[in-house]
Amino acid sequence: MSTLPVYLYGNEILKKKAKPVSEITDGEIELIKDMFDTMHTANGIGLAANQVGELKQILVIDISDMEAGKGIKPLVVINPEILSESDEESEYEEGCLSIPDVREKVWRPEKITLKYCDINMKEVNLEADGILARVLQHEIDHLNGILFLDHLTGTKRTLLRGKLSKISKGEIETQYDVVAPKKLKPKKKK
Ligand code: NI
């Protein structure tokens, strides 16, 4: 198991749609293990494959350390599809490992139902609410090339312009390895 560098805001891969996974090979198993390792090392609660440079519809979630996520086991979600969303929405402050040090409140449906494949490619139907629904929606967005910033108003995004420009140049300190868009090589932490 090893950590992977996280692609920062400004990398084209974060705007691309991930492709469905047709089978789980040793390569996918390794990717999933590395994604958990990367997420845990970076103190994240969710990570999508795009963020580590793979256009595969795979995401991992671990909210078990959060008060609101107690008792919810770490999840591997493959080829997710949201089937329904509640009309009721809630607001929650989100962050993203690809957009370090930026946190903004985002409105999203409070409940969703989805289907996805587990690590054995067995189809699972899930009804989620609260923090689990929140993280699932954020990560499924990633697989569709969407960032939480895309849900903000123009005014809020304008206010973040300076910060985002710095991130996209890699002018930011992180506790984990990153890939800045203007550099082709992963930037190793010192
Ligand atoms: Ni994110």
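S5, strand S6 (99-109) and H2 each put at least two residues into the lining of the largest pocket in this structure, which is a predicted model. H2 gives the largest share of that lining, 6 residues. The pocket has a volume of about 470 Å³. Of its 28 lining residues, the closest to the centre are Gly44, Gly95, Cys96, Leu97 and Arg103. Here is how the lining splits by class:

| Class in the pocket lining | Count |
|---|---|
| Nonpolar | 12 residues |
| Polar | 9 residues |

Together with His138 (NE2) and His142 (NE2), Cys96 (SG) coordinates the nickel ion, at 2.1 to 2.3 Å. Along the chain, these donors follow the spacing C-x41-H-x3-H. Cys96 in strand S5 (residues 89-96) and His138 in helix H2 (residues 130-143) are 42 residues apart, so this pair links distant parts of the chain. Both Cys96 and His138 are buried.

Now for the packing. In soluble globular proteins, nonpolar side chains tend to be buried together. The largest nonpolar core here has 35 residues, and Met35, Ile58, Val60, Ile99 and Leu149 touch the most other members. Two or more residues each come from helix H1 (26-41), strand S3 (58-61), strand S4 (75-85), S6 and helix H4 (161-168). H1 gives the largest share of this core, 5 residues. Another core lies apart from it, with 18 residues, including Leu59, Tyr116, Ile140 and Leu143.

Take Ile58 as a close-up: leaving aside neighbours within four places in sequence, its contacts include Val21, Leu31, Met35, Val77 and Leu143, plus the charged Glu28.

Note on methods. Residues numbered from 1 in each chain as written. Predicted model: local features only at pLDDT ≥ 70, side-chain atom pairs only at ≥ 80, totals over all residues. Heavy atoms only, no water. Donors = N, O, S within 2.8 Å, 3.2 Å for Na, K, Ca; no water. Helix = DSSP H or I, 4+ residues; strand = E, 2+ residues; numbered from the N terminus. Buried < 20%, exposed > 50% of the residue type's maximum accessible area, 1.4 Å probe, protein only. 1 Å grid on protein atoms, 1.4 Å probe; cavity = no way out; pocket = protein on both sides within 12 Å on 5 of 7 lines; lining within 4 Å. Points joined across faces, edges and corners; volume = space filled by probe spheres on them. Core = buried A, V, L, I, M, F, W, Y, C linked by side-chain atoms within 4.5 Å. Contact = heavy atoms within 4.5 Å.
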